[in-house]
Amino acid sequence: MRLPDIFGKVKNSKDGRIIVSNFLYLSLLQVAGYLFPLLTLPYLAKVIGIEGFGKIAFASAVIVWIQTVADWGFNYTATRDVAKNRDNKEKVSEIFSNVLWARCLLMILSLIFLSLLILVFPKFRESADVLYATFLLIPGHILFPDWFFQALERMKYITVLNLLSKLLFTIAVFIVIKRKEDYLLQPLLVSLGYIISGIIAMYYILLRWKYKLQRPSVSKAISTIKNSTDVFINNLMPNLYNSFSSILLGFIGGDIANGKLDAGNKFAQLAQQFMQIVSRVFYPFLSRRIDKHGTFVKLNLLIALGISLVLFLMAPILIKLFFTEEFYDAIPVLRILSISIIFMALSNTYGTNYMIIEGYERQLRNITAMSSIIGLLISFPLIYYFNFIGAALTICITRGILGLSITYKAYKIKRIKLGSL
């Protein structure tokens, strides 16, 4: 099927028009997601320098683990469950409440664990202030349940609220960050933006749309956590090679090496966020219409190939345009990570948007666990011998193993399903 045929089919159906509307809203959000950070990037690079970037990157890599624990896979399982029951307001209220209280419980446990790390390890103790400041992202994410808006396919609310958050953060950066020592304010400002957006989000969900927040129940929270454990493990395991590479690099290469890795990763992360938007737009739709998965495959992989090629070719221009000379070593980092965009697209296409929807969370978990353990093992020699380039290679190689393995497994599942018809 040709690409124009794909867009024609999407345009001429009710579901297609919803997908297009949601995609346009989230594309607007993504443009803002590109624009606002790019406005502040040269300013932050100049004011806080490469060492400040490195400290923030180290803290972010640690908090990614905690964020994954607090999310516990609900972004997929709860989205799927609400999408399937969205006409039943009482059931949706129950799902929303159980997930909210479960995430609060996980956040409290995570904060205790983070405090223990800070007490035990000197490197964490040195970064305690930036770690706690970055941790404030967790309650911000909990207050702003973007998964809920996604499940109801009301993407415009995500767009408006995130635009508000990013606008506030961008303006505040130029006003309050004036010296190298002000690097701590960056994660605080980001967290504040999420918290404000989250309060507004709760107003819409509970007061405008009249969904009910049920009483917290420890037993229900634990049951909700158990039901999402396979997806949680699937989300957690990539941290063994992804954010762990930044943590390990911080120990071996220091803050400057982490700053170079983070600079190269900035544009790759923006591309990944855009690919996540495409995935998120289709996820609730495919939860209802998995027969349209073939159309999604063609569209998603074509976008990924285009983005990967642009980043690879434009890497020198992007790094030199947005960073000072001390960051120029990040050019090969960006080129390496641009290749990984294709592998990430394979994981999203056949893992998140096929295997999870079809109920193969455990098989996906096993593939992710094995690939991530391989990534963990290769990270030590690669980072030890090649420093920040080794960290980039670790991420790209492991994503390649993961994406290709998931694709192979999904094709096997499809063949079995076709054979049983």
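**Entry 1: salt bridges**

I began with the term itself: a salt bridge is a side-chain nitrogen of Lys or Arg within 4 Å of a carboxyl oxygen of Asp or Glu. With that rule I found that Arg80, Asp81 and Glu361 are linked in a network of salt bridges. I note here that the model is predicted, that local features need pLDDT of at least 70 and side-chain atom pairs count only at pLDDT 80 or more, while totals for chains, interfaces and linings use all residues. I also note that residues are numbered from 1 along each chain as its sequence is written, and that side-chain values use heavy atoms, with hydrogens and water left out.

Searching the whole structure, I found ten salt bridges. In one of them, the side chains of Arg80 and Glu361 come to 2.6 Å, N to O. Arg80 lies in helix 4 (residues 74-84) and Glu361 in helix 18 (residues 361-420), so this pair ties together parts that are 281 residues apart in sequence. For helices I used DSSP runs of H or I with at least four residues, numbered from the N terminus. Both Arg80 and Glu361 are buried, where buried means under 20% relative accessible area, exposed over 50%, and partly exposed in between, with a 1.4 Å probe and protein chains only.

I then looked up Asp71, which forms a salt bridge with Arg103, the closest N and O atoms being 2.5 Å apart. This pair links distant parts of the chain, since Asp71 is in helix 3 (residues 49-71) and Arg103 in helix 5, 32 residues apart. Asp71 is buried at a relative accessible area of 14%, and Arg103 is buried at 3%.

How many of the residues of helix 4 are buried? I found eight of the eleven, so helix 4 is largely enclosed by the rest of the structure. Among the buried ones are Phe74, Tyr76, Arg80 and Val82.

In the loop between helix 3 and helix 4 I looked up Trp72, whose phi is near 50°, a positive value in a residue other than glycine. Lys210, in the loop between helix 11 (185-208) and helix 12, also has a positive phi, near 65°. Is each of these two buried or exposed? Trp72 is buried, with a relative accessible area of 14%, whereas Lys210 counts as exposed at 56%.

**Entry 2: the nonpolar core**

I took a nonpolar core to be a set of buried Ala, Val, Leu, Ile, Met, Phe, Trp, Tyr and Cys residues joined through side-chain atoms within 4.5 Å. The largest one has 127 residues, of which Phe148, Phe267 and Phe323 touch the most other members. Helix 15 (residues 254-288) supplies the largest share of this core, 16 residues. Leaving out residues up to four places away in sequence, I found that Phe323 touches several residues, including Leu41, Phe53, Phe267 and Tyr328, a contact being heavy atoms within 4.5 Å.

**Entry 3: the second largest cavity**

The lining of the second largest cavity includes Ser97, Trp101, Arg215 and Lys220. Helix 5 (89-120) and helix 12 (218-227) each supply at least two lining residues, and the largest share, three residues, comes from helix 5.

Notes. On a 1 Å grid over the protein atoms alone, a cavity is a set of points where a 1.4 Å probe fits but cannot get out, and a pocket is an open set with protein on both sides within 12 Å along at least five of seven lines; lining residues have an atom within 4 Å of a point.
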